[in-house]
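The sequence and the model are shown below for reference.

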Amino acid sequence: MDHGKPPAAGLSSVVVLSAVLLACAAAVLQPHDLLYDHAVRAFYNSDYEETVRAMEGALRSHSQLRSTKVRCRLRCQDQHPFDGTFSDLRFFDVVLRRSACLDKCMEDKVGAQSLHKVSEDVVQDFTRRIPYNFLQLAYQKLKQPEKAAAAAHTYFQANPEHVEMGQNLEQYKDLEGVREQHFVDREVRPHQRSFMDAVRLYDKEDYEGAISLFEEALVEYFKADVACRALCQGPQKFEDHDHLSYRYSLLEVVSDHFTQVLHCEHECVRDLATRPGRLSPMENYLPLHYDYLQFAYFKVDRLEEALQSALTYLLFHDGEEFMTENVDFYREVLGQDGEPREVSPYSTLTVQTLEVARTSSSCCADCKCFGMIRVGGPLVFEGVQLVQNSGDLNGTQRVLLDHIISEQDCAELRSLTVTMAGDGYKGRTSPHTPNEKFEGATVLKTLQYGYEGRVPMKSARLFYNVSERARRIIESYFMLNSTLHFSYTHLVCRTAITGQQDHRNDLSHPIHADNCLLDPDAHECWKEPPAYTYRDYSALLYLNGDFDGGEFIFTEIDAKTVTASVKPKCGRMVGFSSGGENPHGVKAVTSGQRCAVALWFTLDPLFRELERLQADEVIQALDTQSVLSQSFSINPRDEL
């Protein structure tokens, strides 16, 4: 964040003074934006004690304002309900009574509503948790590292790409007196905290503890759902309309307002499943509670509750194969049927809500839709050998193949002298670890060097042909219904740096997924930029095995639990779908050089690799004995 100058509050001095006087006179909640503005000014005046006092007050005020809005709106809604049938006059009578009730309720706590409006800039700052950035710096100046660590952690949760804050957190971890329990998210949502804690216990096979926390998470979820819907009852934004020049009739205005309210309530399902700093909701979030619960109840021999949870899950995924089989099993063992649980004790779960939940968790190309995955197609070329399938590799959409190319082909590709240090990594020679040097080359660059006579054209064409061979095998084995296109192709070698291998505990390539941002703590993989979200399948074709270390590994989504390990050797290829179902990495190369052809593919022709299309034209020109006179524009892209 730029701390060059304090942000403008967007309020005139008269309005500010009036609001403060009102607040003081009525002994009500002080406006959080005024406290925030005061805290920021104190920070730039190096008054860090006042910064902390005012900023903590602003955060409390902001939280209390939100809870007051929820409480008042729900109270007035209960006191003045809409009847099943009513006239126009009755409808507007209820609306006006609710409005008067809400004004009275809010004014009792926060003062007159019409005299103080919070600017959109301040709203955005609190949404982005900017106050915690100031707080961590102020606490740092006041020599209170425990509180600084908590503020920094809270900010970083909503701003995971903030490099400086990430560095600050690492520094706090090394400070004396700062312990792991100090790194808390002060703004964590109770339903998400309980869910994540429950998943951790579930993974440790503590099913009794997991059940308690999953049930707690559901209670908190539906409380949050009620609060979110209550907040939707406030003023709405009319897109593409100037409110002051709005000239529609009263009923049209009312209709537009309630349409916006319904849209806001519709988005609550997505909002409650979205972690801070993320654009995408957690996949299958609400139904997943019942999926975990049905198995946990089964493990502790509480089959009636397991059946109820399984039936509830099927409300979201009607007819889902595996859960239907579980339901049949529970019915058979119990000798009786059951009913789905009451989904929400706090609100009626509408058909609309169920549809939104289904939509946000529906089966897609990169999801774990085990019943819909087809694998095991022909291997296309003679001699290619299936070594391990998905089951053998303890995952889904994985395959290990041998004899893709010959020893002679491996040696010829390794002999290409076109690899450049840092190629494909924005010039960084050690992008993933300081203990290894990385070199790379693309197909187009290799053809360019072949045309210039710097490498044998035969070897350059071999690189082109081998990558096409790999593409066809992956496309066929995974039985794809559409053409698999190249997204990026890279011949990459990583070499252990002599003298830097003692006591290594890092990886050659950290655990990651190829089309989403792996979030091990949340057990999620966020399919959003800067990840290459258009990648659908990946493959690694190894060119040698005469080095130490360098095993390719698959892990669980926790990025810790290794599910399969592959030892590279010439002609061996591992292929897999690129999503969060296949986190992977590379163990440290401790001596020698490890070379492979890395390939990423997409099913979307809009994201075909431009260099590959140019390489196709080069090959076509060579095949027709045309003179290659065009210049080459090399644009290597960063390897993810």
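Is C410 buried or exposed, and what is its relative accessible area? The model is a predicted one. In it, C410 has a relative accessible area of 1%; because buried means under 20%, C410 counts as buried.

**Disulfides**

C410 is bonded to C570, with sulfur atoms 2.1 Å apart. The torsion about the S-S bond is 95°, which gives the link of C410 and C570 a right-handed sense. This pair links distant parts of the chain, 160 residues apart: C410 belongs to helix 16 (residues 407-414), and C570 sits in the loop between strand 12 (562-566) and strand 13 (573-577).

The whole structure contains 7 disulfides, including the three tabulated here.

| Disulfide | S to S distance | Angle about S-S | Hand |
|---|---|---|---|
| C72 and C105 | 1.9 Å | -75° | left-handed |
| C410 and C570 | 2.1 Å | 95° | right-handed |
| C516 and C525 | 2.0 Å | 90° | right-handed |

The disulfide of C72 and C105 connects helix 3 (residues 48-79), which holds C72, to helix 4 (residues 88-110), which holds C105; the two cysteines are 33 residues apart. Both of these cysteines, C72 and C105, are buried. Burial likewise applies to both C516 and C525.

**Salt bridges**

Side chains of opposite charge can pair when their charged atoms come close. The count for this model is 30 salt bridges. One of them joins R572 to D402, with the closest N and O atoms 2.8 Å apart. The pair bridges distant parts of the chain, 170 residues apart, since R572 lies in the loop between strand 12 and strand 13 and D402 in strand 2 (residues 398-402). Both R572 and D402 are buried. The loop between strand 12 and strand 13 thus carries C570 as well as R572.

A further salt bridge is formed by E436 and R504, at 3.1 Å from N to O. E436 is in strand 4 (residues 436-441) and R504 is in the loop between strand 5 (485-496) and strand 6 (507-512), so this contact ties together parts 68 residues apart in sequence. E436 is buried, its relative accessible area being 0%, and R504 is buried with a value of 17%. R504 also pairs with D506, where the closest N and O atoms are 2.8 Å apart. D506 is partly exposed, with a relative accessible area of 24%. Elsewhere, salt bridges with shared partners unite E208, R302 and E305 in one network.

**Helix packing and a surface patch**

Helix 7 (residues 145-158) comprises 14 residues and spans 20 Å from its first C-alpha to its last, close to the 20 Å expected at 1.5 Å a residue. Of those 14 residues, 10 are buried, so helix 7 is largely enclosed by the rest of the structure. Among the buried positions are P145, H153, T154, Y155 and A158, together with the run A148, A149, A150, A151 and A152. The buried residues of helix 7 pack against helix 6 (130-141) and helix 8 (163-173).

F258 is part of helix 11 (residues 250-272) and is partly exposed, with a relative accessible area of 35%.

Methods:
Residues are numbered from 1 along each chain as its sequence is written. This is a predicted model: local features need pLDDT of at least 70, side-chain atom pairs count only at pLDDT 80 or more; totals for chains, interfaces and linings use all residues. Side-chain values use heavy atoms; hydrogens and water are left out. Helices (H or I, at least four residues) and strands (E, at least two) are DSSP runs, numbered from the N terminus. The expected span of a helix is 1.5 Å times one less than its number of residues. Buried means under 20% relative accessible area, exposed over 50%, partly exposed in between (1.4 Å probe, protein chains only). Contact means heavy atoms within 4.5 Å. A disulfide is a pair of cysteine sulfur atoms within 2.5 Å. A salt bridge is a side-chain nitrogen of Lys or Arg within 4 Å of a carboxyl oxygen of Asp or Glu.
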